[in-house]
Amino acid sequence: MINYNPKEWWGFIFGLHKADTVRKLAPLLLAIAAYSTLIAYLIVDYWELESTSDLKNISLMHSLLGFVISMLLVFRTNTAYDRWWEGRKQWGGLVNSSRNLALKINGLLDPEHTEYREFFRTMIPNFAFSLKNHLRGKYLGEELESASLFSTDYLRKEEHVPNQIAGLIISKVFELQRRGILLPEHMLLLNDELQSLTNISGACERIKNTPIPFSYSSFLKKFIFTYCVTLPLGYVFNLNYLVVPFVVFVFYILGSLEVIAEEIEDPFGEDSNDLPTDTICINIRKAVKDIFNTEVAYPV
């Protein structure tokens, strides 16, 4: 995710960055420019059509369809942003659940239970890192930490790693309850945070694996393409060769909205506008370690 100052106008207007849609649309912009130039040459210089030609009436169609395409693009971008924001809320919930789970376990376990404390101090951040990589469709074992009661060699890389880690955390809590280290009422205290791990994982998978319906996405792209391809036919009579930058600019605006929506509707990747999940995972690990390194004052 790009960190930026929203109040800086000059940088936005004149600067280019990795996520700029101009870079992604450059081949199509050049193709539209070449096509518009060809249409302008044929109508203005080759065929020398008069301004009374029926082709000029095509501009009426664009006036009628302009409102329709704007409404479709607004719906498209709003839907994509909803998915982005929902993903951000889920990862914000993971931060809170990780901290709360660490705080409760840190308070419930006595200082002499060093191995168990080390296990939870390691495994809670491991879940966040494994979920991040799972949503990106890969496994990075070097980002996971081992403990005396856990080794990354135990994980089955080809299967659902976040579920495995969540299962290990829950199994360890149940083991502590069977040994009498945790009381039954403690299980009720920890249940919400333990359950939220798989709930958040499932919600993020729902966002990632349910893209916008194919028919809608395909129709919108065809609509934008047809709208822009027919623009020179109507406006060349009034603009002559100035129709070329005019059509390129219109296509840039409409195409950019679609490209931005495509990028943010899957917010868990590594694009410039995706969620900063790497930073969130690092912050979770730091917060959990700080919590377990804090001495708890036990009553005498």
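Trp84 is buried, at 11% relative accessibility. Buried here means under 20% relative accessible area, exposed over 50%, and partly exposed in between, with a 1.4 Å probe and protein chains only. The model is predicted: local features need pLDDT of at least 70, side-chain atom pairs count only at pLDDT 80 or more, and totals for chains, interfaces and linings use all residues. Residues are numbered from 1 along each chain as its sequence is written, and side-chain values use heavy atoms, with hydrogens and water left out.

Trp84 lies in helix α3 (residues 58-108). Helices are DSSP runs (H or I, at least four residues), numbered from the N terminus. The Trp84 side chain reaches the backbone oxygen of Asn273 at 3.0 Å.

Helix α8 (residues 231-239) contributes the buried residues Leu231, Pro232, Leu233, Gly234, Val236 and Phe237. These pack against α2 (21-46), α3, α7 (214-229) and α9 (243-264), contact meaning heavy atoms within 4.5 Å. Just after α8, Asn240 takes a positive phi of about 55°.

Tyr41 is in helix α2. At 40% relative accessibility, Tyr41 is partly exposed.

A salt bridge places a side-chain nitrogen of Lys or Arg within 4 Å of a carboxyl oxygen of Asp or Glu. Glu86 pairs with Lys89, the closest N and O atoms being 3.7 Å apart. The two residues are three apart in helix α3, so about one helical turn separates them. Lys89 is partly exposed at 46%.

Asp290 and Lys286 form a salt bridge at 3.2 Å between the closest N and O atoms. Both lie in helix α10, four residues apart. Asp290 is partly exposed at 38%, whereas Lys286 is exposed at 53%.

Glu270 bridges to Lys138, with closest N and O atoms 3.1 Å apart. This pair links distant parts of the chain, 132 residues apart: Glu270 in the loop between α9 and α10 (277-292), Lys138 in the loop between α4 (114-135) and α5 (161-178). Glu270 is exposed at 55%; Lys138 is partly exposed at 32%.

Technical notes. Polar contact = N/O pair within 3.5 Å; in protein donor to acceptor, adjacent residues only side chain to side chain.
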